[in-house]
Amino acid sequence: MADGSRSNGSTRRDLPLVADRMVGLDRQIASGHPAVAAGWDMPVDLDKDPAVIPQLADVEVPEDVKREIEWRMSLYPDPRSAVLPALKAAQRVHGWLSTDAMRQVAAVMKVTPAYLSSIASFYDMLHEDPVGRHYVYVCTSVSCHLVNAKAVYDAIAAAAKKARLEGWDIREFECLGACDMQPMASIDGRYVGPLDPSDAPEIVAAIKEGRTPLPGRGLEDEDYMPAGAGDPPPHEETQ
Amino acid sequence: MTAATELRLLKDIDEPGLDTIEVYERRGGYSALRTALTELDPDEVLEQIQAGDVRGRGGAGFAMGKKASFIPKGDMDKYLVCNADESEPGAFKDRVLMQKNPHLLIEGCIIAARAIEANHGFIYIRGEYELQADVVERAVRAAYERGYLGADILDSGFDFELVVHRGAGAYICGEEMALLDSLDGKRGNPRLKPPFPANAGLYQGPTLLNNVETLCNVPIIIELGPEEYVKVGSEQSKGTKVVSVSGNVQRPGNYEVPLGVTCREIIYGLAGGPPEGREVKCFFPGGSSAPVLTGDEGLDLTYDFETMAQAGSMLGSGSVIVVDDSQPLVPLALRLADFYRHESCGKCVPCREGTNWTVKMLERVDSGEATPMDFELLAQVQSNILGNCLCVLGDSMAMPIGSMLEKFRAEFEQHAEEARARNEAAVVEQAAPELAAAPLIGPA
């Protein structure tokens, strides 16, 4: 494939490219999907200059993002320690870590975008692909698994599908550290529980209307009843 | 509540506003700090912590005072890091401590830093704990305003800066070396030990790394005095422990118990036991990475570090996950292995490949495609992971899965056999419905 025939894109290819064999990826490329950088399947140009740190003067960085990153950098003996908070600050503004977002952070932190990419690809809460602005993480880890969390997740996912909820990232998640409210979910960082599959329509309806889902059953709510004070968690046969 | 004991860590935990500095001070807060800074010199603080003999509450159970004494003396950049990256399935004690009583943690950090003469501290909180990180950040700001943090604390000449650092959702960052790398601004891959953090930790400086609950015990040791502190607990495990009970119990939650009560008292007495009509099939005594103990062998053991180790399990982070007799173990094992497969950082081959293949084999067991050889292989993979990696993430999967397989081998085999018979019946049903009515093929 390195014979150059690829450079004039419209010529007929004899060999299928990797992209053609990857389900969905060719469609992403055709739609100009930003996650797929142009030329990703081309051979590496070894004569090219090494990656450079983008200059702050060349990159337009939102003022508040810049200020937050610089403040975070000032807190650590080594400013590089601030990469997680810095990437999070950019992600909060852009919704995900697009190439632009990475360049902005790189310019402020004076590191290469590739370095930031190596960090972003490691951590679950940093997104290199577009995701929903809001999320529902349903914990289905060990403790919640034992009290039928999968049914809760299925019910919420089905209700969201039925209500055509858009812009929300609904997924199963690893232990969120609230097994006392098992089974539970984190709705944009607000922990709610204990849940039952029958709560799903109410959660989705509240999200859709912009209300707080299940008032009084969030961890930070004033009147939150600690587990054990009320009824025992629902227990069902899983056989 | 059967275990009638004085609460230490969870004392006043339900007091409204305990997370504010006013209420905390009214409850006697920051008086231990005053003692440690104005009446004692750093060596005396360290001596008291050592005499208190508190063992690390994060999982390994290493004596905190001993760890602190490994930090070299002298004038250099030393660091204190609090590990609040509590991500182990079943563990939620640090969440409650940070959310309800953040000042106790801050006070503990300052005193521990004083003991090793560190001037920089970091609290590494897992990314999902947004509410808790907000609370701790607010508390740190309040402590700065009162002069408990910053330069020349309480006119003692001791400077201490404390920074709240939020993680971004990686379980491996709870491992001490991975946490330090992550705090350095790198990917959270565990480093080779030695050098240990006490010699070359954060920014290659001597670093004391402790769990939230361990540091929360420090002000209590100073406050009560080590002689009083060690009165509670068993012979080698002193003090109280916050136990997080979850799974098939009627009252899941955090309970503070003196180390050395029986497991039965925790599971039945405090947490209400499994739902009506059910028995404890097995339980994880120390979070999802501890080998399981069956109800028969484990319930009457005392809950402390040494007894759990003798029984072939561990106390770990003190999270008891109870599994009742209605639960099939194969899906549970699969869920557990899948967690570790997802969280493996991929640096060491036994863990990266071992977790992956364990999941694949358990899927085969679950779907009935397993052969009798798979069980041997599964056990062999677990024993090949143990002790062969830089950190214990792989071991954390190998230990519970290995113990489940060892203690419930018959159930695993039966599960696979039943699934196989179901598949076979489905094939017959499809190919020759008239045969399915009178099953000719099936388990003998």
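A:Asp188 is partly exposed, because 14 other C-beta atoms lie within 10 Å of its own; on this scale a residue is buried with 20 or more other C-beta atoms within 10 Å, exposed with 12 or fewer, and partly exposed in between, the C-beta atoms being placed from the backbone. The structure is a predicted model, in which local features need pLDDT of at least 70 and side-chain atom pairs count only at pLDDT 80 or more, whereas totals for chains, interfaces and linings use all residues. Residues are numbered from 1 along each chain as its sequence is written, and chains are lettered from A and ligands numbered from 1 in the order in which they are written.

The phi angle of A:Asp188 is near 50°, a positive value in a residue other than glycine. This residue is found in the loop between β3 and β4 (190-192) of chain A; helices (H or I, at least four residues) and strands (E, at least two) are DSSP runs, numbered from the N terminus. A positive phi is also found at A:Lys110, where the value is near 60° in a residue other than glycine. A:Lys110 belongs to the loop between α5 (99-109) and α6 (113-120) of chain A and is partly exposed, with 13 other C-beta atoms within 10 Å. Most residues other than glycine have a negative phi, and most peptide bonds are trans.

A cis peptide bond occurs in each of the two loops described next. In chain A, the bond from A:Gln182 to A:Pro183 is cis, with omega near -15°, and A:Pro183 lies in the loop between β2 (168-173) and β3 (185-187) of chain A. In chain B, the bond from B:Lys193 to B:Pro194 is cis, with omega near -10°; B:Pro194 is located in the loop between α8 (176-183) and β4 of chain B.Chain B contains 19 helices and nine strands. Its radius of gyration, taken over C-alpha atoms, is 24 Å, close to the 22 Å that the globule rule (2.2 Å times the number of residues to the power 0.38) gives for 444 residues, so chain B is as compact as a globular protein of that length. The C-alpha trace of chain B spans about 90 × 45 × 35 Å along its principal axes. Of the 444 residues of this chain, 55% count as buried. Among the contacts in chain B with a separation of 6 or more, 70% are accounted for by residues 24 or more positions apart, two residues being in contact if their C-beta atoms, placed from the backbone, lie within 7 Å.

Chain B is divided into domain 1 (21-229), domain 2 (240-324) and domain 3 (329-418), with bounds that come from an automatic or database domain assignment. The centres of domain 1 and domain 2 of chain B, taken over C-alpha atoms, are separated by 27 Å. Contacts between these domains of chain B involve 13 residues of domain 1 and 16 residues of domain 2. On the side of domain 1 of chain B that touches domain 2 of chain B, four residues are nonpolar, four polar and five charged; Ala, Val, Leu, Ile, Met, Phe, Trp, Tyr, Cys and Pro count as nonpolar, Asp, Glu, Lys and Arg as charged, and the others, Gly among them, as polar. Chain A is divided into domain 1 (49-128) and domain 2 (134-209), and 31 Å separate the centres of these two domains of chain A, taken over C-alpha atoms.

An open sheet of four strands in chain B has the order β3-β2-β1-β4, with parallel pairing; two strands pair if DSSP finds at least two bridges between them. The edge strands, β3 (161-166) and β4 (207-211) of chain B, each pair on one side only. From one strand to the next, the twist averages 20°; axes are lines fitted to C-alpha atoms, for helices over the stretch in contact, and angles run from 0 to 180 degrees between N-to-C directions. Strand β2 (residues 120-125) of chain B pairs with β3(B) in the parallel sense over six bridges, and B:His120 stands opposite B:Glu161 in β3(B). Helix α7 (residues 130-146) of chain B lies across β2 and β3 of chain B, running at about 165° to β3(B).

The loop between α7 and β3 of chain B includes B:Ser156. With 15 C-beta neighbours inside 10 Å, B:Ser156 counts as partly exposed. When residues up to four places away in sequence are not counted, B:Ser156 touches B:Leu37 and B:Thr38.

Between the chains, 48 residues of chain B are in contact with 43 residues of chain A. On the side of chain B that touches chain A, at least two residues each are supplied by α7, β3, β5 (240-247), β6 (253-258), β9 (319-324) and α14 (329-343) of chain B. The most is given by α14(B), with five residues. By class, this side of chain B has 18 nonpolar, 20 polar and ten charged residues.
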